[in-house]
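Reader: I am new to this structure and would like to learn how to read it feature by feature. Could you take me through it slowly?

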Amino acid sequence: MDNIIIFDTTLRDGEQSPGASMNAKQKVQIALQLEKLGVDIIEAGFAAASDGDFEAISQIASQTSTSKICSLSRAVENDIKKAGQSIARAKHKRIHTFIATSPIHMKYKLKMSSDEVVKRAVDAVKYARTFVDDVEFSLEDAGRSDMNFMKDIADAVIDAGASTINLPDTVGYRLPFEIYNMVEDMAKHINNRAIISLHNHNDLGLAVANSLSGIQAGARQVECTINGLGERAGNAALEEIVMALSVRHDFYNNFKTNINTKYISPTSRLVAQITGIQPQPNKAIVGKNAFSHESGIHQDGVLKHIETYEIMKPADVGVEQNNTIVLGKLSGKAAFKNKVLAMGFDTLSDSEIKQAFDRFKMLCDKRKVVHDDDIRFIISDEKLNEDKLYELKSVQISNCTSGLATATISIIHKDKIYSDACIGDGAIDAVFKAIDRVTKQKGSLVDYQVQAISEGKDALAKVICKVKFDDAKFNVIGHGLNIDTVLASARAYLGALNSYISMKNSASRNKHQV
Ligand code: KIV
Ligand code: ZN
């Protein structure tokens, strides 16, 4: 049976989704989850892109152990050097270098002849091999490149030391039968001298179909992302490729992956929470409705025999369907810990459990019943708000006549309490303005989302704020969870500010290191 290597690029191509930027801590959190999921290779970023990327890759390299850690680099010396340095501490490492090979890219973007492109590719692979034994070479825009030229450049980079040849359909243009033909032809030519990889974009909604078609033709690595995140319309979704291979094992009986599918749903949720990009409700495998049956006929069928309308069990991908009532007011810490472990949070420290338990108790004071989802969101909220440079102490809202409101805010910063008040167009606007005033920062709200966790008027509100502070070139995301939407919003806005400051600090630390 052949192993299909799962190369996850959520932290690199996925981060190229508009608005999906993540800080180093968040990237480490996702990388550790990807490792748990069983991903073979994690593309942790593009080391030369920014100091923040370099820092995140280095942290991931030193904190992971089973997955291979990879950095992307253009086929230029400085990029490759940074890639090599960023992954130096990884147990298993790879440099992924690329140059475009299509006529349109070579002529207009690179302004290079095909001979120059081959030379640059060979030099890049040779230089990358001075840092690592495992080098992947990508023929960017392979989907629109000439087959004979692709064979020539593949021969040259394999001789130079590349062990994986990636054929990206960079603009998502190809159809499944065309990818099949391209891979079959290349596989015959390469004749096992290197592994063939695919990296399909989803501009025509065909990325997953194209990846599966390529596997049939001989590709043994697929590059993909959680929730299909990525540049423009995204990349092939990891969860869809893996579940297609698994559910249709009758057909794909020659292939296996190392993915532990029961971690698919928790990983999808974590990525959605951190990036603030929720999968569409009808998204295959991880959408909110992927396992719900709405029509009476379907519900009747499912009740009589589940397989009438379900081709996989929700539990196979880690979806727990009964959002059960968990513990109550009288439950102790030991019972809470058992519950949390049973829910799969097996890497929490005692102090993290204690923090979550305190918040759970506060919720029990306000609500009769607490559901699994409430617990799950409380735990991830604690993780998402680990940066506590500014911490919310209190919020008071008054005077909501004719749309105007006054917010009085107290914030703890370096053990001192700072307070101020502000008028705004409604409570949320007033709160954000008051936070700006207290912290002496100027934030512009780019996006704001509120979601109710579980059901009922007293449901917890989950708020995600996307904010641009000062004149930064990037947006940051903050998360807040509270039964009171205004408090959740204040927490989310402060979370975004903490993330901004930590990104700024790590960038300036790096300037002195690299
Ligand atoms: O889409 C693409 O071609 C890429 C390469 C850098 C692999 O992301
Ligand atoms: Zn890409």
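Author: We can begin with charge, where Lys and Arg count as positive and Asp and Glu as negative, while His and the chain ends are not counted, and each charge is placed at NZ of Lys, CZ of Arg, CG of Asp or CD of Glu. In the protein chain, the mean positions of the 63 positive and 64 negative charges are 5 Å apart. This is a predicted model, in which local features need pLDDT of at least 70 and side-chain atom pairs count only at pLDDT 80 or more, while totals for chains, interfaces and linings use all residues. Residues are numbered from 1 along each chain as its sequence is written, chains are lettered from A and ligands numbered from 1 in the order in which they are written, and side-chain values use heavy atoms, with hydrogens and water left out.

Reader: Which residues are the protein donors of the zinc ion (ligand 2)?

Author: Donors are N, O and S atoms within 2.8 Å of the metal (3.2 Å for Na, K and Ca), and since water is not among the atoms, sites may look incomplete. Here the protein donors are Asp13 (OD), His199 (NE2) and His201 (NE2), which lie 2.0 to 2.1 Å from the zinc ion (ligand 2). Asp13 is in the loop between strand E2 (5-8) and helix H1 (24-37), and His199 is in strand E8 (residues 195-200), so this pair ties together parts 186 residues apart in sequence. Helices (H or I, at least four residues) and strands (E, at least two) are DSSP runs, numbered from the N terminus.

Reader: Are Asp13 and His199 buried or exposed?

Author: Buried means under 20% relative accessible area, exposed over 50%, and partly exposed in between (1.4 Å probe, protein chains only). Both Asp13 and His199 are buried.

Reader: How many of the residues of helix H8 (residues 207-217) are buried?

Author: In helix H8, 9 of the 11 residues are buried, so this helix is largely enclosed by the rest of the structure. Among its buried residues are Asn210, Leu212 and Ile215, and their cover includes helix H7 (176-190), strand E9 (221-224) and helix H9 (238-247). Just after H8, Gly218 takes a positive phi of about 130°.

Reader: What is Gln273 in contact with, leaving aside its neighbours within four places in sequence?

Author: Contact means heavy atoms within 4.5 Å, and with those neighbours left aside Gln273 is in contact with residues including Phe377, Leu384, Lys462 and His479. Gln273 lies in helix H10 (residues 264-275) and, at 6% relative accessibility, counts as buried.
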